[in-house]
Amino acid sequence: MPLLLTCLSLCWLACANLALAFELRAQPIATDTWMVEADTGYFTPENGGFLVNTAFIATEEGVVVIGSGPSRRFGEQYRQLIEQTTGKRILEVIITHKHPDHFLGNQAFSDVPIRADATTTAMIRAEGEGLAENLYRLVGDGMRGTEALAPTAPLPLGMRTIGSHRLEFLSVPGHTQSDIAILDHSTGVLFAIDQVFNQRTPTLPNANLANWHNALNTLQALPFKLLVPGHGPVSRDAKPIEATRDYLTWLDDTLRQAAERGLAATEVMQLPIPARFAQWGEAQAEWRRSIGFRYSQYERAALPWLTPAR
């Protein structure tokens with residue numbers, strides 16, 4: 001009986017480890033540059049929360065990593081992939097904004113500078129624990145051992161040369177209160193992480209739509225050759241920027257018109273999604289989430305008497 005129990009325990013552990021392994025593939029996209037493309041669904045125990053694209057650039061000084069992923073376990077496997085792919089040390093990690101699938105892998109990189117702008121760093125310090133707890137609820141065991149480690153170093157805006165790569169760090173808020181995009185002028189690769197979605201429906205829990213439109217205009221004007229979106233495949237043109245702008249415009253117009261008609265949120269959820277967006281990942285689910293996040297703002301604007309007097 002003890003032998004049988006031991007065998008069963010070993011089998012269980014092996015299955016558990018297998019279930020928690022990520023299928024990470026470094027996709028070369030430019031000189032010294034790789035991307036790891038993520039699932040375009042939503043957070044589940046099966047995908048371990050791996051929903052956001054990550055990327056890395058191997059310079060002569062070391063590897064610049066863009067995003068650490070959704071969990072400690074992901075970060076550890078991701079770091080191993082980076083080191084195996086490049087044969088170089090990790091120089092630093094860039095965190096582009098506060099959403100948890102972008103920074104909860106930080107523990108795997110705690111021995112190198114983890115850079116973010118001051119606003120993002122402050123928000124992660126204030127909100128990180130709660131964001132991690134939410135992913136624990138959604139992902140489950142795949143989050144085991146994950147804690148919210150805030151960025152440890154500043155991220156100055158503007159141009160910075162690292163090895164032979166001229167990297168420009170740009171402030172493009174809109175998806176959240178503070179977002180950073182990175183243009184590698186040496187290769188023409190634009191890392192528009194989560195300001196641009198490609199074939200995946202944008203998420204809006206912290207969005208400012210006016211700022212987001214301004215950010216998209218800024219990004220489209222840049223001299224990029226290859227675009228790495230936050231979600232979905234890379235692109236060699238600005239079509240994902242245009243599609244993201246189109247979606248945000250449609251959502252804004254539709255919610256405003258629905259509020260002016262006096263529709264309840266449950267009625268708005270039944271409105272049709274245009275065919276050009278309907279096949280995107282999580283189209284129906286994100287539409288409903290966006291109504292939950294945002295519709296009350298449109299109702300207050302359209303029906304100001306609903307706003308309680310102060």
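Mentor: Let us begin with pairing: two strands pair if DSSP finds at least two bridges between them. Please keep in mind that this is a predicted model.

Trainee: How do you know that strand 11 and strand 12 pair?

Mentor: Five bridges join strand 11 (residues 189–197) to strand 12. Pairing requires at least two bridges, so strand 11 and strand 12 count as paired. The two strands run parallel, and Phe197 stands opposite His231 in strand 12.

Trainee: To which sheet do they belong, and what is the order of its strands?

Mentor: They belong to an open sheet of five strands in the order 8-9-10-11-12, with mixed pairing. Its edge strands are strand 8 (158–162) and strand 12 (226–231), each of which pairs on one side only.

Trainee: Which helix packs on the sheet and touches strand 10 and strand 11?

Mentor: That is helix 5 (residues 209–220). Helix 6 (residues 239–260), in turn, lies across strand 11 and strand 12.

Trainee: Why is helix 5 called roughly antiparallel to helix 6?

Mentor: The two helices pack at an angle of about 160°, with their axes 10 Å apart. Angles over 145 degrees count as roughly antiparallel, so helix 5 is roughly antiparallel to helix 6. The crossing of helix 5 past helix 6 is left-handed.

Trainee: Which residues of helix 5 and helix 6 meet?

Mentor: Among them, Leu209, Trp212 and Leu216 in helix 5 take part, as do Ile241, Arg245 and Leu248 in helix 6. The residues of this contact divide into seven nonpolar, five polar and three charged.

Key
Residues are numbered from 1 along each chain as its sequence is written. This is a predicted model: local features need pLDDT of at least 70, side-chain atom pairs count only at pLDDT 80 or more; totals for chains, interfaces and linings use all residues. Side-chain values use heavy atoms; hydrogens and water are left out. Helices (H or I, at least four residues) and strands (E, at least two) are DSSP runs, numbered from the N terminus. Contact means heavy atoms within 4.5 Å. Axes are lines fitted to C-alpha atoms, for helices over the stretch in contact, and angles run from 0 to 180 degrees between N-to-C directions. Angles under 35 degrees count as roughly parallel, over 145 as roughly antiparallel, 65 to 115 as roughly perpendicular and the rest as oblique. A crossing is left-handed if the near helix is turned anticlockwise from the far one by less than a right angle, and right-handed if clockwise. Ala, Val, Leu, Ile, Met, Phe, Trp, Tyr, Cys and Pro count as nonpolar, Asp, Glu, Lys and Arg as charged, and the others, Gly among them, as polar.
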